Amino acid sequence: MPSAEMKAYLYAGGTVLLWSTVAAAFKLALAVFTPLQLLAVSVCTAAVCLALLCTCTGRLGAVAAFSRRELAWSLGLGLLTPFLYYITLFTGYALLPAQVAQPINYTWAMMLMFLSVPLLGHRVLPLEWAAAALSYAGVVVIVLGQGGGESSGVDFTGLAVLILSTAVWALYWIGNARLKVDPLAALTLNFLAALPCCLLLMWIVEPLEPTLLGSIFRGTDRPAATALAAAVYVGVVEMAVAFYFWLKALRLAPSVGRIAPLIYFSPFLSLIFINRFLGEALQPGTFLGLACIIVGCLLQRFALRRAGKA
């Protein structure tokens with residue numbers, strides 16, 4: 001029987017592998033679906049998957065143990081993630097090459113640092129400022145590496161929306177810091193709360209065409225069928241299973257610090273899938289910029305650990 005630590009590494013490795021595939025899945029789904037349509041399909045899939053996970057792992061009782069405040073807070077956080085976060089994230093991916101969007105998404109740790117100052121009263125350490133400067137310099141390197149202009153495929157509206165998504169994600173985690181409840185049960189409530197909003201917004205703004213759905217199920221529109229499979233994959237993997245694996249890894253690991261850095265292998269592996277499945281020619285600036293972002297994130301973790309805050 002593998003030890004608890006070995007199981008932690010296996011779950012963490014599985015998480016890294018799964019998360020490294022989702023950027024390519026986003027773009028495959030967005031080749032046919034709009035961001036709102038992808039949001040509705042993936043959130044619906046994830047809500048079902050998370051509800052099943054809660055049932056199979058006996059976490060439904062944890063939901064019953066929530067106080068009224070905890071229940072209301074968990075449901076309210078669903079308006080941040082998945083609702084608003086994935087709207088902005090998918091919009092950014094729709095407007096940008098995957099090799100640009102995917103690394104920038106990892107700057108959320110820097111955004112969390114900035115937002116924690118006014119919202120949590122944290123003091124930013126000098127080394128953290130240096131880490132943030134390095135990470136955002138990586139964003140500039142990635143954009144310049146694509147040519148830095150509209151002709152290169154770098155849409156600056158998409159860039160702004162994607163950076164906004166990192167702020168939404170950071171706000172979600174700041175909100176979660178106030179909750180001392182079962183994380184899988186809370187995540188399930190987030191998705192169940194967001195699901196009606198996602199479906200209603202899609203139905204009002206960009207409903208799925210019945211002819212498109214008919215062609216998918218008749219098997220006459222292969223690109224649309226691929227997009228639907230990718231959207232379902234996003235819901236199962238990105239929003240449900242990978243998160244569950246990561247929770248398992250954190251609970252089994254003797255120290256969170258031992259497995260947390262493993263997640264930074266994910267964006268480098270993701271570039272392989274982006275190249276293989278999307279056919280994007282990877283630019284040297286993408287690797288250099290991503291390296292700056294990841295080193296910045298690791299430098300921030302080092303600063304916090306040295307200060308005894310992590």
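Start by selecting Leu-75, Gly-76 and Leu-77 in helix H5: they meet Leu-79, Leu-80 and Thr-81 in helix H6. Contact here means heavy atoms within 4.5 Å. This is a predicted model, where local features need pLDDT of at least 70 and side-chain atom pairs count only at pLDDT 80 or more, while totals for chains, interfaces and linings use all residues. Residues are numbered from 1 along each chain as its sequence is written, and side-chain values use heavy atoms, leaving out hydrogens and water.

**Stop 1**

Helices are DSSP runs (H or I, at least four residues), numbered from the N terminus. Axes are lines fitted to C-alpha atoms over the stretch in contact, and angles run from 0 to 180 degrees between N-to-C directions. Ala, Val, Leu, Ile, Met, Phe, Trp, Tyr, Cys and Pro count as nonpolar, Asp, Glu, Lys and Arg as charged, and the others, Gly among them, as polar.

**Stop 2: H9 and H16**

Next, select residues 126-145 (H9) and 284-306 (H16). They pack at about 170°, with axes 7 Å apart. H9 and H16 are therefore roughly antiparallel, the label for angles over 145 degrees. Their contact has 17 nonpolar, 8 polar and 2 charged residues.

**Stop 3: the cores**

Now select Phe-33, Leu-39, Phe-90, Tyr-93, Phe-191 and Met-239. These have the most contacts inside the largest nonpolar core, which has 88 residues. Such a core is a set of buried Ala, Val, Leu, Ile, Met, Phe, Trp, Tyr and Cys residues joined through side-chain atoms within 4.5 Å. Buried means under 20% relative accessible area (1.4 Å probe, protein chains only). Helix H13, residues 222-252, gives the largest share of this core, 15 residues.

Then find Met-111, Leu-115, Ala-170 and Ile-174, which belong to a second, separate core of 5 residues.

**Stop 4: the cysteines**

How many disulfides does a search of the whole structure find? It finds 0; a disulfide needs two cysteine sulfur atoms within 2.5 Å. Select Cys-198: the nearest cysteine sulfur, in Cys-197, is 6.6 Å away. Cys-198 is buried, at 1% relative accessible area. Finish at Cys-292. Its sulfur is 11 Å from the closest cysteine sulfur, in Cys-297, too far for a bond. Cys-292 also counts as buried, at 17%.

Notes:
Buried < 20%, exposed > 50% of the residue type's maximum accessible area, 1.4 Å probe, protein only. Helix = DSSP H or I, 4+ residues; strand = E, 2+ residues; numbered from the N terminus. Parallel < 35°, antiparallel > 145°, perpendicular 65-115°, else oblique.
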